[in-house]
Amino acid sequence: MKPTLAGYARASTIAEATAWLAEADGDAKVIAGGQSLMAAINMGLGGDTRLIDINGIEALKGIRLEGDRLVIGALTRHAELGRHPLIAEHAPLLTRAVPLIAHEAIRTRGTIGGSLSHADPAAELPACVLALDALIRISGPGGEREVAADDFFEDVYVTDLAQDEIVTAISLPLAAAKEAQLIRELSRRAGDFALAGIALVRRPSGHRVAFFGTGPRPMLGRSVMAALDAGDLAAALAAVPEDIDPQSDPHASAAYRRHLASVLLRRCLEDLAA
Ligand SMILES: Cc1cc2nc3c(=O)[nH]c(=O)nc-3n(C[C@H](O)[C@H](O)[C@H](O)COP(=O)(O)OP(=O)(O)OC[C@H]3O[C@@H](n4cnc5c(N)ncnc54)[C@H](O)[C@@H]3O)c2cc1C
């Protein structure tokens, strides 16, 4: 039996959505693509949830350049992200990540704002925005703020968002000339969440490496990054276990995930060398 919902409302502005969230005092949830939220509600995890649909808010849509930043609206679907020329030119990591996410039907509805807010530790886009050093734009009744991706993801499905706030956009630095952006993961079947994965960016200013599926949240590989910046590839590979915190579950043991993370980093380094 499907659970019933306590209500549904379609917001047409950001202010309307956040005012309704504040009014609901924790009893309402924003719905974007619905690809994670509806599954949770159908499993009975939503309680007596009221849904606030943000799909009609024009200000959350679109991909554009703002000075030296690329800005991606929170309602951008995974599929649009994967085929957009500005993304391919300025943040090719996201273009490469999209085909790894779920299946085409899910990519057609799922949004980047939903993926970041849901904060599944094995999801690709949270790790990508961390590797790209993105800022997450957030709106609430108190106004707007920007949070570094590194401070946004806190724990399994937990972010820095307050219950009356929504993600409005993601702002990224533009890829520099000759910048390398790579993603690698291993999943049991195409479309499954990754058992472990890595997003790696090599900029003139240094490396940024984010691991996913190997801890409670996407994690920056700080020791790995320092070793790569020093040009010591062996030290970078040896540092992987320091930077991640994998758990065992029915899909894979922590030891196997640790091994996979090292193998995936080695393959990325081989790609960079090639
Ligand atoms: C079978 C299956 C396989 C999948 N495989 C993968 C995979 O391999 N990799 C992967 O990354 N994902 C995967 N997903 C998840 C998919 O990518 C989702 O689309 C995504 O995680 C959530 O996006 P959404 O727009 O559908 O969010 P929704 O389901 O609408 O919302 C998810 C959560 O985020 C909140 N939310 C949504 N938008 C906002 C916003 N703008 N501001 C604040 N809160 C917001 C909602 O309240 C809810 O709590 C899979 C999903 C399914 C069903």
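**A ligand and its surrounding shell**

Helix α7 provides the largest share of the shell around the ligand, namely 5 residues. Helices (H or I, at least four residues) and strands (E, at least two) are DSSP runs, numbered from the N terminus. The model is predicted: local features need pLDDT of at least 70, side-chain atom pairs count only at pLDDT 80 or more, and totals for chains, interfaces and linings use all residues. Residues are numbered from 1 along each chain as its sequence is written, and side-chain values use heavy atoms, with hydrogens and water left out.

In total, 31 residues surround the ligand, a residue being near a molecule if one of its heavy atoms lies within 4 Å of it. The closest are Val30, Gly34, Leu37, Thr111 and Glu124. At least two residues of the shell come from each of β2 (28-31), α7 (112-118) and β10 (166-173). By type, the shell holds 15 nonpolar, 13 polar and 3 charged residues; Ala, Val, Leu, Ile, Met, Phe, Trp, Tyr, Cys and Pro count as nonpolar, Asp, Glu, Lys and Arg as charged, and the others, Gly among them, as polar.

The side chain of Thr111 places an N or O atom 2.6 Å from an oxygen atom of the ligand. A nitrogen atom of the ligand lies 3.2 Å from a polar side-chain atom of Ser117, and a backbone N or O atom of Val167 is 2.9 Å from a nitrogen atom of the ligand. Of the 970 Å² of accessible area that the ligand has on its own, the protein covers 88%; such areas come from the Shrake-Rupley method with a 1.4 Å probe.

Two strands pair if DSSP finds at least two bridges between them, and 2 bridges join β13 (residues 206-212) to β14. Met219 in β14 stands opposite Phe211.

Finally, the loop between α3 (78-83) and α4 (85-90) contains His84. His84 counts as buried because its relative accessibility is 18%, where buried means under 20% relative accessible area, exposed over 50% and partly exposed in between (1.4 Å probe, protein chains only). A polar atom of the His84 side chain lies 3.1 Å from the backbone nitrogen of Leu86.

Key. A polar contact is a pair of N or O atoms within 3.5 Å; within protein, one must be able to donate a hydrogen and the other to accept it, and residues adjacent in sequence count only if both atoms are side-chain atoms.
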